[in-house]
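Please have the sequence and the model at hand while reading.

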Amino acid sequence: MKAFAYVNPANEREAVAALKVDGIAMPIAGGQDLLARMKDYIDSPDRVVNVKGLDATITATPDGGMKIGSAVKIIDLFEHAQVAKLYPAINAAAIEIGTPQIRNQGTVGGNVNQRPRCWYYRNEEFVCYKKGGSRCFAVNGENQYHAIFGNEGPSHIVHPSSLAVPFVAYGARFRVIGPSGEREIAAGDYFTRPTLQNVLKENVLEDEEILTHVILPPPGNVKTGHYEVRYKASHDWPLAFTTVVLLTGPLWGKTIWGAWWTWDARLTSTLFLWFLIVAYSLLRGAVEERGRRARYSAVLGILAALLVPFIHLSVYLFRTLHPMPILLKPSAPSMPSEMQVTFFSAFLAFLLLFAALLRARYRIATLRDHVASREQEHA
Ligand SMILES: Cc1cc2nc3c(=O)[nH]c(=O)nc-3n(C[C@H](O)[C@H](O)[C@H](O)COP(=O)(O)OP(=O)(O)OC[C@H]3O[C@@H](n4cnc5c(N)ncnc54)[C@H](O)[C@@H]3O)c2cc1C
Ligand code: SF4
């Protein structure tokens, strides 16, 4: 990463002043996007201005709406009870963003101003329109997650911000401040489609302007909905694979031990793992409230993940019919090297099978989702 100066302004006016510099200056909030771009040499600012110290509060406005400071963290936005009650689509979008780490560090201002996730844009080797070049590599390249309507190009990105969508839908206004003072812009006018003239930007912010607040009007009778497909793809296959292990294991057990089943530590803990995954699946469909559903599922998911190493170690910890490990153990593997080749080939094959099935499952869930929304449109 290129060396840069770091400025820590005390307020928004100082932040705006600090952005005026000979060379390139950029605001930084949680840094989840900007730092990654700097490390990949997509951006090399001379000065980075910290805007995490700007307003990080969420307050009610006199008209019954809400005002969200740009430095509010995504996790705090998600956990705000009044936001969740009045603007459920914002709450639903916030919890879908990235990973817990990103939600704990990323801010509202950084999220709506993040740059495109297009893989050509993120690779310094590809100088496309967005980086001052004269072509879009996505047109004839890998473009399965690019815009298919509402964007005539020349850059075929979709805007990466999950929060931008509900902000526009709820009719939010964005307060920005720059060298010539402050102004408010309707969220729908803040984001721009790429044209040849403005292809380097995704919004109407002028140089040295920063976003300070998102102001939401009272929600009125707006009804919002949200579909989630990703989780479905991740738990189906662990359930299928654990079921296969539990069903095929007794075949070996009957031959070697003379019994289909015995309550030994490894078998019992594997059965327990199976119950946990079943409980996870049931829970996802049973709890309506998103926050609670996510928390309960996370607990079950973590317990299931912790159980895996425990199952492996159970033969050390308990008297069991199972033999000691011959591969993953403190000393060198005692599995013959020819068997290791077979084992690792099979392991790789199953890993690839898992990845392919996961991908297929995700695609089915996405298509089902499309069908459901089409049906809703025509209802
Ligand atoms: C694995 C992964 C998954 C992700 N998934 C999602 C997802 O599902 N949905 C989603 O929306 N995002 C997703 N993201 C992106 C992530 O949410 C954003 O990178 C993050 O929200 C940025 O916030 P930040 O505060 O860290 O921004 P920063 O990195 O600090 O800033 C981002 C950009 O905004 C500018 N900026 C920051 N604050 C201001 C301001 N106040 N005024 C003007 N400009 C400003 C910065 O100059 C920079 O260009 C994902 C990222 C990763 C790595
Ligand atoms: S979609 Fe946009 S960012 Fe991606 S390659 Fe094309 S011009 Fe570049």
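Which residues of the largest nonpolar core touch the most other members?

## Basis of the model

The model is predicted, so local features need pLDDT of at least 70 and side-chain atom pairs count only at pLDDT 80 or more, whereas totals for chains, interfaces and linings use all residues. Residues are numbered from 1 along each chain as its sequence is written, while chains are lettered from A and ligands numbered from 1 in the order in which they are written.

## Nonpolar cores

In the largest nonpolar core, which has 41 residues, those touching the most other members are Ala-15, Val-51, Leu-77, Ala-94, Val-108, Leu-163 and Phe-167. Helix H5, spanning residues 88-96, supplies the largest share of this core, with five residues. Such a core is a set of buried Ala, Val, Leu, Ile, Met, Phe, Trp, Tyr and Cys residues joined through C-beta atoms within 7 Å. Another core, of ten residues, lies apart from it and includes Cys-118, Tyr-121, Cys-128 and Phe-137.

## Helix H5

Helices here are DSSP runs (H or I, at least four residues), numbered from the N terminus. In H5 the buried residues are Ile-90, Asn-91, Ala-92, Ala-93, Ala-94 and Ile-95, where buried means that 20 or more other C-beta atoms, placed from the backbone, lie within 10 Å of the residue's own, exposed means 12 or fewer, and partly exposed lies in between.

Glu-96 also belongs to H5, but is partly exposed because 16 other C-beta atoms lie within 10 Å. After H5 comes Gly-98, with a positive phi near 45°.

Terms used:
Helix = DSSP H or I, 4+ residues; strand = E, 2+ residues; numbered from the N terminus.
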